[in-house]
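Colleague: I want to know what stands behind the labels we use. Please take me through them one by one.

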Amino acid sequence: MYIALNSWIYCGFGGEKTPRAFIDWAAEKGLDGVELTVGDCLSVDTTEAEAKELAAYAKTKGVGLRSLATGAGWGKWLCADDASEREEAKAFVKKYLQLAAWLGAETVLVVPGATRVAWDASHAEVSYKNAWENATASIRELVPVAEQLGVNLALENVWNRFLLSPMEWKLFLDQFNSKRVGIYFDVANCCYIACPEDYPEILGDYIKGVHLKNFAGTDCAGGLHGFGDNILTGDVDFAKLFTALAKINYAGPMAVEMIPFCRLPNMTVPDDDLAAAMVEQIAELKKLA
């Protein structure tokens, strides 16, 4: 089982620490790998030479770089009604896929956009119908790029009021008829909708990456504070989840993405202590598999 640690917890949202520093730390802690975040920890404009040098460095340290993540999709939506915004979003994803190929990463996480973001009223709302049609058109353009580069374009299930249940995801992904398009399955993000262990049975090979974290629902399904700072505490039954993933022979990357929203409004990252705690909790997770 390959479980990496996402870089936000260690490097911060503004790239306060470098990819090499994160790789060094991960090697010291004995982690399988790191999930670098593009747009903060790592620039999307990283050159081929820089990317390959970084990949070689990680290899010497025995640290995997199997997946990349980004929050860029929250700012520029693939499903936006504005054509210029969609073009910017697609241009970013094309560079992002190329960067992954240079690094030797197999999967990139992509936020497909949203119909509305509850905590950010600055972006124009998009109807569900338009979000579906616009995202479909954008992704159709990106499919040949992903296929040519040999990188999985994995759309994340996020709190975007778009693409919710596993059946809805399957219907959306079926239309692309590509082994390179799938879901980056966040097991905590879906807790307010369905049990995480129900997704693998329905989505099968469409699962290209897995984000591990936890969520504690409260009245009315809970809010951001439900994303805690202990991955072992919450509604996710990891034993059931890992059994469900084993049944579909999942062998792709997993990454622990711990963003302690439970600490809002006083949340701070990087959080060295929390990052260190995650190393111990990753070891506990592996015992459940």
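Colleague: Why is arginine 263 called partly exposed?

Modeller: Arginine 263 has 31% relative accessibility. Buried means under 20% relative accessible area, exposed means over 50%, and partly exposed is in between (1.4 Å probe, protein chains only). The value of 31% falls in between, so arginine 263 counts as partly exposed. One caution: this is a predicted model, where local features need pLDDT of at least 70 and side-chain atom pairs need 80 or more, while totals for chains, interfaces and linings use all residues. Numbering starts from 1 along each chain as its sequence is written, and side-chain values use heavy atoms, without hydrogens and water.

Colleague: What makes arginine 263 and aspartate 229 a salt bridge?

Modeller: Their closest N and O atoms are 3.0 Å apart. A salt bridge needs a side-chain nitrogen of Lys or Arg within 4 Å of a carboxyl oxygen of Asp or Glu. The pair meets that limit, so it is a salt bridge. Aspartate 229 is partly exposed too, at 28% relative accessibility.

Colleague: Which parts of the chain does this pair link?

Modeller: Distant ones, 34 residues apart. Arginine 263 is in the loop between S8 and H9, and aspartate 229 is in the loop between strand S7 (207-212) and H8. These labels are DSSP runs numbered from the N terminus: helices are H or I with at least four residues, strands are E with at least two.

Colleague: What else lies in the loop between S8 and H9?

Modeller: Proline 265 does, between strand S8 (254-256) and helix H9 (272-287). A cis peptide bond joins leucine 264 to proline 265, with omega about 5°. Proline 270 is in that loop as well. Valine 269 and proline 270 are joined by a cis peptide bond, again with omega about 5°.

Colleague: How many salt bridges does a search of the whole structure find?

Modeller: The search finds 19. One of them joins glutamate 106 and arginine 66, with closest N and O atoms 2.9 Å apart. Glutamate 106 is in the loop between H4 and strand S4 (107-110), arginine 66 in the loop between H3 and strand S3 (67-69), and 40 residues separate them. Glutamate 106 is partly exposed at 26%, and arginine 66 is partly exposed at 21%.

Colleague: Where do glutamate 48 and lysine 52 lie?

Modeller: Both are in helix H3, 4 residues apart, about one turn of the helix. Glutamate 48 is partly exposed at 36%, and lysine 52 is partly exposed at 43%.

Colleague: Why are H3 and H4 called oblique to each other?

Modeller: The axes of H3 (residues 48-61) and H4 (residues 83-103) cross at roughly 45° and come within 8 Å. Such axes are lines fitted to C-alpha atoms, for helices over the stretch in contact, with angles from 0 to 180 degrees between N-to-C directions. Under 35 degrees is roughly parallel, over 145 roughly antiparallel, 65 to 115 roughly perpendicular, and the rest oblique. The angle of roughly 45° belongs to the rest, so the helices are oblique.

Colleague: Which residues meet where H3 and H4 touch?

Modeller: Glu48, Ala51, Lys52, Leu54 and Ala55 in H3 meet Leu99, Trp102 and Leu103 in H4. Contact means heavy atoms within 4.5 Å. The residues divide into 6 nonpolar, no polar and 2 charged. Nonpolar covers Ala, Val, Leu, Ile, Met, Phe, Trp, Tyr, Cys and Pro; charged covers Asp, Glu, Lys and Arg; the others, Gly among them, are polar.

Colleague: Is lysine 90 buried or exposed?

Modeller: Lysine 90 in helix H4 has 7% relative accessibility, so it counts as buried. Lysine 90 touches Leu78, Ser138, Glu141 and Leu142, leaving aside residues up to four places away in sequence.

Colleague: What about asparagine 249: buried or exposed?

Modeller: Its relative accessible area is 67%, so asparagine 249 is exposed. Asparagine 249 lies in the loop between helix H8 (238-247) and S8. Its phi is positive, about 60°, although it is not a glycine.
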